[in-house]
Amino acid sequence: MKIIVNGEDRQAPPGITVAAYVATLGFDPETVVVELDGQILGRFEYDERRLAEGAELELIRFVGGG
Amino acid sequence: MLKVNERPYEFTPGLRLAELARRLKPDADVFIVNGFPVPPATELQDHDHCWLIRRGEKMGLEEMERLLYARHTPGVQARIKDSRVGIMGLGGLGSVVAVALARIGVGGLLLADYDLVEPSNLNRQQFFVDQVGMKKTEALRQNLARINPYLRVETFDQELTEENIPLVFAGVKVLVECFDGPRMKALALRTALTRMPEAGYVGASGLAGYGENDLIRTRRLRPHVYIVGDGEAEARPGQGLMAPRVGIAAHHQANQVLRLLLGLD
């Protein structure tokens, strides 16, 4: 199915959880802030929320160093 | 009307600093007008703020405070002196942000870190060899007091969590995320976006190594929320954290904090 990730069209398996989708990108979900359809998700929601056709994801990923 | 060492003095056209000094402070050898050092022959304009200083003289606290503020761009310091900024993490980013904000005269800093100063910190962080083993919060408090004794410093030396960040930093104008670990960086932003919608926020990601200067950018995520860095360069073996590039990012953060405090962004 088609979803939109940071403004770009992407494909994702239907019903995949946010955590699983983020992991397919090679990111540790704990290092990513997720906005799904305009709403910032709490960390506990990553494993619960599933992506639907046309879902709009904004991912803000952090790398270490400070 | 002039202001001379912060006291009113009648302006007369054609008056030069040297003459003013002769009347008020003959031993002065440093002359500052509107925040900038100038030669004694400088002709004064009405409403100038003048400082006559004798090099090395011991000053009272009050006069010192006025002098520190005289060096700040007029108008700016008055608008930031009552501001309180929270800094999460006192490493290569946080300690540098704190020093920059102390130097421009931000009124209050809330410094949070549970770590101790270690020798490996000294390649980029604003601590000294004789502070190894001290709590970072305490060491930085000491160092900031030597820069600006009028800064109000509060410290928090326990671990920050999603639960306590909104409580610890309640009421800060801007929250600066200077953590090292990416999980804490994400946790902090998530917490700020969901539970501290009023606060300005300046985070950082991607500043390790010695990649190109200009890849470090300040990106606006949404109103009053910014992330500094190149987004890619993570700290790892072979790509360490070093004073120059971490410092570039830290000063991006500090300048963004200033812009938020001034209401420009």
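## Reading a two-chain model

Tutor: Start at one pair: the side chains of A:Asp28 and B:Arg183 meet in a salt bridge, 2.8 Å from N to O. The term covers a side-chain nitrogen of Lys or Arg within 4 Å of a carboxyl oxygen of Asp or Glu.

Student: Before going on, what kind of model is this, and how are residues numbered?

Tutor: This is a predicted model: local features need pLDDT of at least 70, side-chain atom pairs count only at pLDDT 80 or more, and totals for chains, interfaces and linings use all residues. Residues are numbered from 1 along each chain as its sequence is written, chains are lettered from A and ligands numbered from 1 in the order written, and side-chain values use heavy atoms, without hydrogens and water.

Student: How many salt bridges are there between chain B and chain A?

Tutor: Two salt bridges are counted between the chains. Now take polar contacts: N or O atom pairs within 3.5 Å; within protein, one atom must be able to donate a hydrogen and the other to accept it, and residues adjacent in sequence count only if both atoms are side-chain atoms. Nine residue pairs across the interface of chain B and chain A meet that rule, both residues at pLDDT 80 or more.

Student: Which elements give two or more residues to the side of chain B that touches chain A?

Tutor: Helices (H or I, at least four residues) and strands (E, at least two) are DSSP runs, numbered from the N terminus. On this side they are helix H7 (182–195) and strand S11 (217–222) of chain B. H7(B) gives the largest share, eight residues. By class, this side of chain B has 14 nonpolar, six polar and nine charged residues. Here Ala, Val, Leu, Ile, Met, Phe, Trp, Tyr, Cys and Pro count as nonpolar, Asp, Glu, Lys and Arg as charged, and the others, Gly among them, as polar.

Student: How do I read the size of an interface?

Tutor: Interface size is often given as the accessible area lost when the parts come together. Buried area uses a 1.4 Å probe and is summed over both parts. Chain B and chain A bury about 1800 Å² between them, 60% of it on carbon and sulfur atoms. B:Pro182, B:Arg183 and B:Arg190 supply 32% of the area that chain B buries against chain A, more than any other three residues. Contact means heavy atoms within 4.5 Å. By that rule, 29 residues of chain B and 18 residues of chain A take part.

Student: What does chain B look like overall?

Tutor: Chain B has eight helices and twelve strands. Its C-alpha atoms fill a box of roughly 60 × 40 × 35 Å along the principal axes. Buried means under 20% relative accessible area, exposed over 50%, partly exposed in between (1.4 Å probe, protein chains only). Of the 265 residues of chain B, 49% count as buried. Take contacts in chain B between residues at least 6 apart in sequence: 67% join residues at least 24 apart.

Student: Is strand S7 of chain B mostly covered or uncovered?

Tutor: Mostly covered: five of the five residues of S7(B) (108–112) are buried. One side has B:Gly108, B:Leu110 and B:Ala112; the other has B:Leu109 and B:Leu111. Strands pair if DSSP finds at least two bridges between them. Strand S6 (84–88) of chain B and S7(B) pair in the parallel sense over five bridges. B:Val85 stands opposite B:Leu109 there.

Student: Why is strand S5 of chain B described as largely enclosed?

Tutor: Four of the five residues of S5(B) (49–53) are buried, so the rest of the structure largely encloses this strand. Strand S1 (2–4) of chain B pairs with S5(B) in the parallel sense over two bridges, and B:Val4 stands opposite B:Cys50. Strand S3 (30–33) of chain B runs antiparallel to S5(B), joined by four bridges. There B:Val30 has B:Ile53 as its bridge partner.

Student: Where is B:Asn143 placed, and is B:Asn143 buried or exposed?

Tutor: B:Asn143 is in helix H5 (136–147) of chain B. B:Asn143 is buried, with a relative accessible area of 8%. Its side chain makes a polar contact with the side chain of B:Gln131 at 2.8 Å. Leaving out residues up to four places away in sequence, B:Asn143 touches B:Gln126, B:Phe127, B:Phe128 and B:Gln131.

Student: In what order do the strands of the chain A sheet run?

Tutor: Five strands form an open sheet in the order S2-S1-S5-S3-S4, with mixed pairing. Strand S2 (8–11) and strand S4 (39–40) of chain A are the edges, each pairing on one side only. Strand S1 (2–5) and strand S5 (56–61) of chain A pair in the parallel sense over two bridges. A:Val5 has A:Leu57 as its bridge partner in S5(A).

Methods:
Buried area is the accessible area (1.4 Å probe) that two parts lose on being put together, summed over both.
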